Amino acid sequence: MNKKVAFYTLGCKLNFSETSTIARSFEKEDFDRVDFAEKADIYVINTCSVTENADKRFKTIVKQAQKNNPDAFVAAVGCYAQLKPEELAAVDGVDLVLGATEKFKITDYLNDLSKNMQGEVHSCEIEDADFYVGSYAIGDRTRAFLKVQDGCDYKCTYCTIPLARGISRSDTLENVLKNAIEIASKDIKEIVLTGVNIGDYGKGEFGNKKHQHTFFELVQALDKVEGIHRLRISSIEPNLLKNETIDFVSKSRSFVPHFHIPLQSGSDEILKKMRRRYLSNLYVDRVNRIKQTMPHACIGVDVIVGFPGETEEQFLETYHFLNDLDISYLHVFTYSERDNTLASEMENPVPKNVRSKRSKMLRGLSAKKRRAFYEGQLGSTRTVLFEGENKSGYIHGFTENYVKVKAPWNPGLVNTLHQVELTEIDEDGLVRFEFVPERVLV
């Protein structure tokens, strides 16, 4: 009988795409993939280091693996494994820790799968993480996460990603298109482009900073791939989101009117302390440009609360800035100190209870913004891609501009696109609709 392997992914869409690639390497070695809740011979945990919470969750997940099979071999890979390998290796039950360059060769490190007294560590100096490994994830059969770029050359004072993933480097355009065609052949309707800093797409490997292609050229080329109905840009820095890209998306065949643009703070003083590469006026300009060309576009925002030295006035400046902006939802991150970052050494840390209060206020604002955006879409005709999960008797789906809809469960709708008219907002905040007659698209 084949050995069984199970995976657990913490963190971002990029991690999910890489877990899928690692899983495929196990399949080539004749392992059978099972769910993480099942008994397996190997459990692989792909870690994240963006927040303190992701660090804490790691121990809980290791315990879950041990409960499923006390004799299983447990391996940790990913960002946290690169940043704190010895810390992870010391966690009871962990047998192997692989850093940024080693994770894609995990099957080379599996000898007899016997438990180790102490976790074995193989991690590189992050300067060695200068080559590119392409990957994509096929999640719920309706969309795929396609990695196009890795690493980051920015030096934001709060961020450990450059320490965990290395320099900015990209996949070749030829390889991205090959992966997109492969995904299309599997009857997947939507591709989400992912990376650490995808607007920086085009930088070569091994420290070659020349752009072979630009992000705009990538977008233009992907729009021509047959069989992909939707392309979504996961997250792009405001200073790298150019007018040409916005204008192209507004007229494109496949790219949807949905942008996720990190802001982090509405206070220019805080943006400077964070070493972001723009000020608030550029952000306003980007939002206005999107809304002028695509009034129905969905715009998501990342924001950090409780950055060191953030005063009540600066927080309220962020709150009012976002309140006045025509955006659709927020991803709110409560600042947490990360080792080896400049921000962790800054004076005047914001008390944890104040961080928590500010986070709650912005989450409330996000709910208000999402509701207002959904209300603005009622009465419009949109295209919905239905997902594959039965959630308490309902099927969910997303419109092209990221309105989440619901309908009574119908397995025949899974992974199909339908034109609908959005009619009302349900008590759970999701949108109800009527099908537009005779318009099943695919």
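A word on angles before we start: axes are lines fitted to C-alpha atoms, for helices over the stretch in contact, and angles run from 0 to 180 degrees between N-to-C directions. With that in hand, helix α12 (residues 352-377) lies across β14 and β15, and its direction is at about 170° to β15. Bear in mind that this is a predicted model.

**The sheet**

- Three strands make up an open sheet, ordered β13-β14-β15, with parallel pairing.
- At the edges sit β13 and β15, each of which pairs on one side only.
- On average, neighbouring strands here are turned by 20° against each other, direction ignored.
- As background, strands of a sheet pair through backbone hydrogen bonds, either parallel or antiparallel.
- Strand β13 (residues 258-264) joins β14 in the parallel sense, over six bridges.
- To find that pairing on screen, look for His258, which stands opposite Cys298 in β14.
- On the β15 side (residues 329-334), β14 pairs in the parallel sense, again over six bridges.
- A handy landmark there is Ile304, standing opposite Phe333 in β15.

**Strand β14, inside and out**

- How many residues of strand β14 (residues 298-305) are buried? Eight of the eight are, so the strand is largely enclosed by the rest of the structure.
- Both faces of β14 are covered.
- One side carries Cys298, Gly300, Asp302 and Ile304, and the other carries Ile299, Val301, Val303 and Val305, all of them buried.

**The α7/α8 helix pair**

- Two packed helices are described by the angle between their axes and the distance between the axes.
- For helix α7 (residues 215-222) and helix α8 (residues 243-251), the axes come within 9 Å and cross at roughly 15°.
- Angles under 35 degrees count as roughly parallel, so that crossing makes α7 roughly parallel to α8.
- The crossing of α7 and α8 is left-handed.
- Which residues make the contact? From α7 come Phe215, Phe216, Val219 and Gln220, while α8 brings Glu244, Thr245 and Phe248.
- Sorted by type, the residues of the α7 contact with α8 are four nonpolar, two polar and one charged.

Methods:
Residues are numbered from 1 along each chain as its sequence is written. This is a predicted model: local features need pLDDT of at least 70, side-chain atom pairs count only at pLDDT 80 or more; totals for chains, interfaces and linings use all residues. Side-chain values use heavy atoms; hydrogens and water are left out. Helices (H or I, at least four residues) and strands (E, at least two) are DSSP runs, numbered from the N terminus. Angles under 35 degrees count as roughly parallel, over 145 as roughly antiparallel, 65 to 115 as roughly perpendicular and the rest as oblique. A crossing is left-handed if the near helix is turned anticlockwise from the far one by less than a right angle, and right-handed if clockwise. Contact means heavy atoms within 4.5 Å. Ala, Val, Leu, Ile, Met, Phe, Trp, Tyr, Cys and Pro count as nonpolar, Asp, Glu, Lys and Arg as charged, and the others, Gly among them, as polar. Buried means under 20% relative accessible area, exposed over 50%, partly exposed in between (1.4 Å probe, protein chains only). Two strands pair if DSSP finds at least two bridges between them.
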